[in-house]
Each structure stands twice: as structure tokens, then as C-alpha cells.
Amino acid sequence: MINRLVIIGVGLIGGSLALALRQAGAVKEIIGVGRSQENLNAALHLGIIDRAESDPASAVKNADIVLLAVPVAAMQPTMAALAPHLEPHTIITDVGSTKRDVLGYAHRHLPKHLTHFIAAHPIAGAEQSGATAARANLFQNRNVVITPLPVNDPAAVNAVSQMWVQCGAKVSSMTPQRHDEIFAAVSHLPHLLSFALVDEIAARPNAEELFAYAASGFRDFTRIAGSHPEMWRDICLANRDALLHELDAYQGHLENLRTMLEQGDGAALENVFEHARNARTQWLVGLSQ
Ligand code: NAP
């Protein structure tokens, strides 16, 4: 049982964690800290938090766990503001989509609290944002990756793992480097491509006509271009080197496809499509198990 949980950034992820822990009966009191009063009011109204605090310093008093659920670039000033006020027993954890940058900020701003800083990333989300988008089942059967530091207190790692298990999630761990490489390939690159396609089409003189005829294929490919621009700006910049690497690999593959098209090489194109379809089918089967 968590006696006092403080959530900094009561949006989709922070709000959903709060709702899931409440539903599991795993938390007594939840305090929300945020940027706009409007979002905090919504969180209060929806019963996501018990009270809102504007001052992070007083909010974290007597906290068991402090959850950082702001965009990754906002983690640094948030940690700097909290550092002098954290009590030795308080566990601090995050939900950021990138891990090396967040851990770098923790080393810089929380050097005395590193035993209790547990970095984590729930692999669940949606293109909606803010407290009104939060839902209790968001993490049900979804993965949460913890990227522990050698200095972490095992009891603190266990407390954060248990918090996510209470939300219905499956917890695993890996190094921050591996985490950022993997998510550059399977999350950050697809978002960049989706934003790029919609942006390019929207900038054309006949965009209105093109959108009028766009249907389910376009909608499925571009669903994630509806995601929060500020959050994705931060993620792309934070994981720039791994993302550039993935972008180069993808551009190389596009060049191959371009050559196949130019040469009218239908057999080669079909091979690529067949290989992709089989890989995707197998991936979906794995997801449903
Ligand atoms: P969100 O719905 O936009 O929520 C972020 C919250 O943080 C908002 O309530 C926002 O307040 C608040 N905030 C922003 N800047 C702040 C600051 N400087 N100080 C205090 N509060 C601030 O975003 P989210 O999807 O929950 O994402 C939160 C974190 O989860 C990010 O680090 C993201 O990388 C990670 N994550 C996201 C997903 C996903 O698919 N969405 C999945 C896994 C992890 P206002 O509402 O007042 O602007």
C-alpha cells in the first residue's frame, strides 16, 4: 500500500497510473502537481487526485513515491526543483519515453538520492493527452521497462515494480542504452515518419483534395501523427543519436525500394512485402499470447 503518491504531470500516463492504483486499492492519497490549473481541476473533478498542489516542494513532503510524468525535457527542471525537498525514504521514479537523458538529469540533480531514483517506461499510450484522457486499464497486460542503476536500492526497485504490477502491467528490465536503441526503432522512428507524411501532404497546394480521398490505410498509418507535438519533440531530441541511426537505416531501405520500382522489379517488391507481412503477422500472434 502506498500511503502518499505525488504525481508531477497529471496527464494521460500519470493520470492513468493514479486511476489504476485507486482501482487496485493500492494507494491511500494522491497529490497532483502540474503546469495549468485547468488540467489539475479536471484531474480533481475526475477523482484522479485527492488534492492539487502548486508548490512541488511542499507537495513531496512525507511522500512514499514521487512519479515524474512530465515531457522528458521538463524532467530536468522538475528534478532540480524537487532535489532539496526529497526525504531520504522517498522513492522517485519516472515514466519518460527515453532513459539515458532522464538518468543523466538524475545524476546531475539528484546525486544524493540515486539509490532511490528508479527509471521506468510504461509501454502503453495513446495519441490523446491530459488528465481527461486518463483511463484505469491503460497498463493492463502491457510492458513496463525498468532501467535500474547499479546503485539502486533493491527495495526501491521492488516497490516501483510492484506499483506497476498492481496496475496490471508486466515488468522487465534492461540497460538504458538498450532501451533507447529499441524504442528508437519501434516507436520513435514510426512517429517521426507518421508526422512527416501528414506534414508533407498538408503542405501541398491540393492538400484538401488529397485528404478528401484519404481513407482507412491513411488513417491507420497516420494515427500516431495525432500525438502530442511537445512530447514528441522532446523524445526525438532526447534520443537523437539512436533515432538518426534508425532514420539512416530506413532511408537505405527506401532507396532499395525506389530502385526496385524504377526497374519495375515486381518480384523483388513482392518479396519485401511478403517478408514484411509475415513478420507483422507473427508479431501480432505474439502480442495476443
Ligand atoms: P500529457 O498527457 O501531455 O501529460 C503531461 C503532463 O505534464 C500534463 O498534464 C502537463 O500539464 C504536465 N506538464 C508539462 N510540462 C510540465 C512542467 N514543466 N511542469 C509540470 N507539469 C508539466 O503527456 P503523457 O502522454 O502523459 O506523457 C507524460 C510522460 O510519459 C512523457 O515523459 C512521455 O514521454 C511518457 N510516455 C508517454 C506515452 C504516450 O504514449 N503518451 C507512453 C509512455 C510514456 P498541462 O496539462 O498543464 O500542460
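# Reading features in a predicted model

Trainee: Where is Leu 287 placed, and is Leu 287 buried or exposed?

Mentor: Leu 287 belongs to helix H12, which covers residues 266–288. The idea is to compare relative accessibility with a cut-off: over 50% is exposed. Leu 287 has 56%, so it counts as exposed.

Trainee: On to the sheet. In what order do the three strands stand?

Mentor: The order is E7-E8-E9, in an open sheet with mixed pairing. The edges are taken by strand E7 (120–122) and strand E9 (170–173); each has a single partner strand, so one side of each has no neighbour in the sheet. From one strand to the next, the twist averages 20 degrees.

Trainee: How many bridges join E8 to E9, and are the two parallel or antiparallel?

Mentor: Strand E8, residues 143–146, is joined to E9 by four bridges, and the two run parallel.

Trainee: Where do Asn 62 and Asn 141 lie?

Mentor: Asn 62 is in the loop that links helix H3 (56–59) and strand E4 (65–68). Asn 141 sits in the loop between E7 and E8, two strands of the sheet described above. As for accessibility, Asn 62 is partly exposed because its value is 44%, while Asn 141 counts as exposed at 54%.

Trainee: What about Ala 26: where is it placed, and is it buried or exposed?

Mentor: Ala 26 is in a loop, between helix H1 (12–23) and strand E2 (27–33). Its relative accessibility is 4%, so Ala 26 counts as buried. For the surroundings of such a residue, set aside neighbours within four places in sequence and list what remains in contact: for Ala 26, these are Met 1, Ile 2, Leu 21 and Gln 166. Separation in sequence and in space can also be read together: Ala 26 and Ile 65 are 39 residues apart in sequence, and their C-alpha atoms are 12 Å apart.

Trainee: And which residues does Thr 222 contact beyond its neighbours within four places in sequence?

Mentor: Thr 222 contacts Ser 194, Leu 197 and Val 198. It is part of helix H9, residues 216–222, and is buried because its relative accessible area is 11%, below the 20% cut-off.

Trainee: To finish, which residues of helix H10 are buried, and what covers them?

Mentor: In H10, residues 229–238, the buried ones are Trp 232, Asp 234, Ile 235 and Cys 236. Their cover includes helix H7 (176–202) and helix H11 (240–262).

Technical notes
Residues numbered from 1 in each chain as written. Predicted model: local features only at pLDDT ≥ 70, side-chain atom pairs only at ≥ 80, totals over all residues. Heavy atoms only, no water. Buried < 20%, exposed > 50% of the residue type's maximum accessible area, 1.4 Å probe, protein only. Pairing = 2+ DSSP bridges. Axes fitted to C-alpha atoms, helices over the stretch in contact; angles between N-to-C directions. Contact = heavy atoms within 4.5 Å.
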